[in-house]
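Here is a short briefing to read alongside the model.

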Amino acid sequence: MRTTHYCLALLLAGTLAGCGSTSPGSAERKAMTLWHHQTAGEGPHLIQQAVDRFKASHPNVDVEVVPINNDAYKTKIKVAVGAGNAPCIFPSWGGGTLLEYVKANQVVDLTSYMSKDNYRARFLDAAYTPITFDGKVYGVPIENTTLAVIFYNKAIFQKYKLSEPETYDDLLQTVRTLKQNGVAPFALANKPKWPGSMFFMYLVDRLAGPETFAKAAAHEGTSFEDPVFIEAGRRLQELVRAGAFQEGFNGLDFDPGGTRALMYSGKAAMELMGTWQLSTIKSENPTFYQNSLGFFPFPAIKEGKGNPRDIVGTVGDNFYVISSTCKSPDEAFALMQYMIDDTSVELRAKAGRVPPVKGFKTADPVLQQILQLVEQAPSVQLWYDQYLPPSVAEAHKDTSQALFALSMTPEQAAKTLEQAARENK
Amino acid sequence: MKTQSKTAFLFLLPAFAFLIVFVVWPVLYSINLSFYDWNGITASRHFAGLGNWRSLLADEIFWRALRNNVAIVILSIAIQLPIAMGLAVLIHRGGRALKIFKVVYYFPMLMSTVAVGVLFKAVYDLQFGAINPMLEAIGLQQLALDWLGDARYSLYSVIAVICWQFIPFYMILFLARLVSIPSELREAAAIDGATGSQYFWRIELPLMRGIVGTAITLSLIGSLKYFDLIWVMTEGGPSHASELMATYMYKQAFSSFRMGYGSAIATAMFTIVMITALAAMAVGQRRRAEA
C-alpha cells in the first residue's frame with residue numbers, strides 16, 4: 001500500500017537504488033546499497049577502499065556504491081526514505097533530521113551493535129550527542145571531526161601586513177584593510193544558504209554561549225526572538241554593509257567550488273568554512289595547501305559572554321545509519337566498521353581528515369591544530385540546520401539568507417524563525 | 001464498424017491505463033493529501049481540514065511565486081514569440097542559403113536544461129563569467145550587476161536564459177507554417193505591388209493566426225508550470241525573489257517535510273493551469289469560429 005501511495009515521489013526521485021533481493025540458487029547472495037556524498041577530492045576513494053576490503057572478506061555480498069552531490073543528496077535521501085526505498089547505508093548529520101527518521105521507524109537502532117565487544121568505546125564521547133535519542137544510538141561516527149574555522153591566504157595577509165585577528169574588532173579592521181586594497185575579505189557561496197549561517201551561529205555563540213540557542217530550540221525559557229539573535233543579526237548585517245563578502249555572494253553555488261576558486265585565484269582572502277574543506281583543498285590544489293593556506297578560529301567578541309574556545313561544528317560529521325528497510329543489517333554494520341577501521345583511519349588522516357576516534361594521533365601539523373581546537377572546546381554547537389527539525393531548519397536558512405541580502409531586519413528574521421518554530425511544535 | 005471500434009478501444013487502452021495509474025490517480029491522491037498534515041515519512045498523518053488551504057491563501061511566498069509565474073508568462077510571450085517570428089520570416093525568405101542558421105539556432109532547444117543552467121551560471125558569474133569582466137573592461141562597471149544574487153534581477157536574468165532556450169522552438173513552429181503558405185500568393189502580391197513588409201503584415205501573419213494561438217497557449221501553460229532553469233540557476237532565491245509555484249511546492253514537500261502543504265500548493269497550481277488552459281482553448285475556439 002505504501003509504495004503505491006508514493007507514485008508521485010517515485011516519479012520525482014527517478015533512479016532509486018533500493019536494497020536488492022537475494023537471487024535463488026547461489027549461496028545466499030546478499031546485496032546492499034551505500035549512498036554517500038563524498039564527491040570531492042579523496043572522498044570517493046576513501047569509501048571505495050573500505051567497500052573493496054569488505055567485499056574481499058564477504059564475497060557473497062554485492063555492494064553498490066552511489067556517490068551523490070551534497071546538496072542534491074539532502075533532498076534525494078528524504079524522498080527515498082519517504083518512499084520506503086532508502087539505501088541500506090546512508091550518511092546523516094544527526095540532530096533534527098535523524099530524529100524524524102527515528103520517529104518514523106526508518107532507521108535501525110544500533111545500540112546493541114555498538115555495545116558488542118565495546119565497539120562504542122572506539123569513538124569520542126562528544127560524537128554520540130547528535131545520534132543518541134532516548135539513550136539509543138542510531139549511527140556510527142565515520143567522517144570527519146569538523147568545525148568551522150576561518151581559512152585564509154597567508155600570502156595575501158603577508159602582503160598587507162595583516163596578522164590573525166584575535167578579537168572580532170580586529171577582524172573588522174582586517175576586513176576594512178582588505179577591502180581598501182581591492183581584495184574581497186571573505187569568499188562566500190550563499191546560494192545553498194548554509195555557508196552564510198555559519199557566521200550567524202558563531203555570532204550567537206560568541207555573544208551568549210550555547211545555552212540560548214538550545215533553550216530557544218526547546219521552547220524553554222526563551223525563544224528565537226531573544227535579543228541575542230537580534231544582536232547577532234545586526235552584527236551580521238554590519239559585516240555585509242562593510243563589504244566583507246565578494247560581489248554576488250548570495251547567488252554563488254558552493255558545491256562546484258565557487259569559493260575555492262576565489263581563494264585560489266587570490267580574489268578573496270578568507271573563508272569561514274568547515275575543516276572538511278582542508279581535505280578537498282589538499283587534493284585539489286596541493287601547492288596552495290602547502291604554501292598559502294592557514295586558518296584561525298572565529299575570533300572572540302569582547303563584550304560577549306560566550307567562551308571563545310567554543311566551536312561550531314560536529315564530532316563525527318556524517319554518521320552512517322542503516323535503513324530499517326535493509327535486508328542485511330548485520331552485513332551493513334560490518335561494512336560500516338570497515339569504513340572506520342585502522343586502515344581507513346590511517347588513509348583518512350593522510351587525506352587531511354580528522355576521524356572521530358579516541359586516541360587519534362597525527363603528524364600532520366594542520367590536523368594536529370584542528371584536533372587541539374576540538375579537544376579544548378568546552379562546547380560543540382551542531383549546525384543549526386541539522387539540529388533543528390526540518391521545516392524550522394529551512395526557515396533558519398531562509399532568514400539567514402534574507403539577513404545577508406539585507407531584505408529583512410534582524411527583528412523580522414527573528415520573528416519569522418520563531419513563528420516557524422512554534423508552528424512546528 | 002463494430003470490430004473497428006473494438007480494435008481501436010483495445011489499442012487505446014494500454015496508454016489510457018498508464019495515464020490513469022501514473023497521472024490521474026496521483027493527482028487525485030495529491031488533492032486528497034492537501035487536507036492532511038503529513039511529514040512524508042511517518043505512516044500516520046492527521047486530518048487538517050482546510051488548514052493548509054487557509055495557510056496557502058495567507059502565504060505571501062506563494063502569492064509572490066504566482067506573480068513570478070505571471071511575469072514569466074507575460075515576458076515569454078512578449079519576447080519569445082516576436083523574435084521567433086522574426087527569425088522564421090528571415091530564414092524563410094533567405095531560402096536554402098540560410099539553412100545553416102536554422103540548424104544552429106535550434107541548438108539551445110536540443111541542450112539539456114540543466115546543462116544550459118550550469119552554462120549560464122558560469123556566464124553570469126561576477127568574477128569569472130563572460131559578462132561582468134567584459135563590462136568592467138570597457139568601462140561600463142555600473143552595468144555589471146549581480147545577475148543571480150540580487151533579488152531585483154535574479155528572476156529576469158533567468159527569464160533571459162529561458163527565452164534563449166525556447167525561441168528556437170517557436171521559430172521552427174512558425175517556419176513550418178510559413179513553408180506551407182503557397183508561393184503563388186507571394187508572386188501575386190508582388191505583381192500587385194506589395195512590399196515585403198506589407199506581405200508579412202497583411203497576408204502571412206493573418207494566415208498564421210492558428211499557429212500563433214497555439215504558440216501562445218503552449219507558452220502560457222509552460223510558463224505557469226515552469227521549474228527547470230529557475231531551480232538550477234537560483235533555486236527560487238535569493239530569498240524567494242525568483243520563487244515559482246513549482247519550486248515552492250518542491251521545497252515545502254521535500255525539503256521542509258511538509259507533504260500536506262506541498263500537496264496543497266500542487267493542487268492550487270494544477271487548478272490554475274487547468275483553468276488558464278481551458279480559457280485559452282475557449283478563446284482559440286471562438287476565434288476560429290469567427291474567422
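This is a predicted model: local features need pLDDT of at least 70, side-chain atom pairs count only at pLDDT 80 or more; totals for chains, interfaces and linings use all residues.

Residues are numbered from 1 along each chain as its sequence is written, and chains are lettered from A and ligands numbered from 1 in the order in which they are written.

**Chain A as a whole**

- Chain A holds 20 helices and 13 strands; helices (H or I, at least four residues) and strands (E, at least two) are DSSP runs, numbered from the N terminus.
- The radius of gyration of chain A is 22 Å, which agrees with the value near 22 Å for a compact globule of 425 residues; it is taken over C-alpha atoms, and the globule rule is 2.2 Å times the number of residues to the power 0.38.
- Along the principal axes, the C-alpha atoms of chain A fill a box of roughly 75 × 50 × 40 Å.
- Of the 425 residues in chain A, 53% are buried. A residue is buried if 20 or more other C-beta atoms lie within 10 Å of its own, exposed if 12 or fewer, and partly exposed in between, with C-beta atoms placed from the backbone.
- Among contacts in chain A with a separation of 6 or more, 79% join residues 24 or more positions apart; two residues are in contact if their C-beta atoms, placed from the backbone, lie within 7 Å.

**Covered strands of chain A**

- In a regular strand the side chains alternate between the two faces of the sheet.
- Strand 11 (residues 311-315) of chain A is covered on both faces, with A:Ile311, A:Gly313 and A:Val315 buried on one side and A:Val312 and A:Thr314 buried on the other.
- Strand 7 (residues 145-153) of chain A runs antiparallel to strand 11 of chain A and is joined to it by three bridges; strands pair if DSSP finds at least two bridges between them.
- Strand 13 (residues 380-381) of chain A pairs with strand 11 of chain A in the parallel sense over two bridges, and A:Ile311 stands opposite A:Val380.
- Strand 3 (residues 89-92) of chain A also has both faces covered, and four bridges join it to the antiparallel strand 12 (residues 319-322) of chain A.

**Helix 5 of chain B**

- The buried residues of helix 5 of chain B are B:Val116, B:Gly117, B:Phe120, B:Lys121 and B:Tyr124.
- They cover an arc of only 135° around the axis, which puts them on the same side of helix 5 of chain B; the arc is that of the directions from the helix axis to the C-beta atoms.
- The face turned away from that buried side carries the exposed residues B:Val114, B:Ala115 and B:Ala122.
- The buried residues pack against helix 4 (99-110), helix 7 (154-179) and helix 11 (228-233) of chain B.

**Where the chains meet**

- The contact takes 28 residues from chain B and 33 residues from chain A.
- Helix 1 of chain B gives the largest share of the chain B side, five residues.

**Backbone details**

- The peptide bond from B:Gly237 to B:Pro238 is cis, with omega near -10°.
- B:Ser239 has a positive phi of about 55° although it is not a glycine, and B:Ser239 is buried, with 22 other C-beta atoms within 10 Å.
- A:Asn118, also not a glycine, has a positive phi of about 50°, but A:Asn118 is exposed, with 8 other C-beta atoms within 10 Å.
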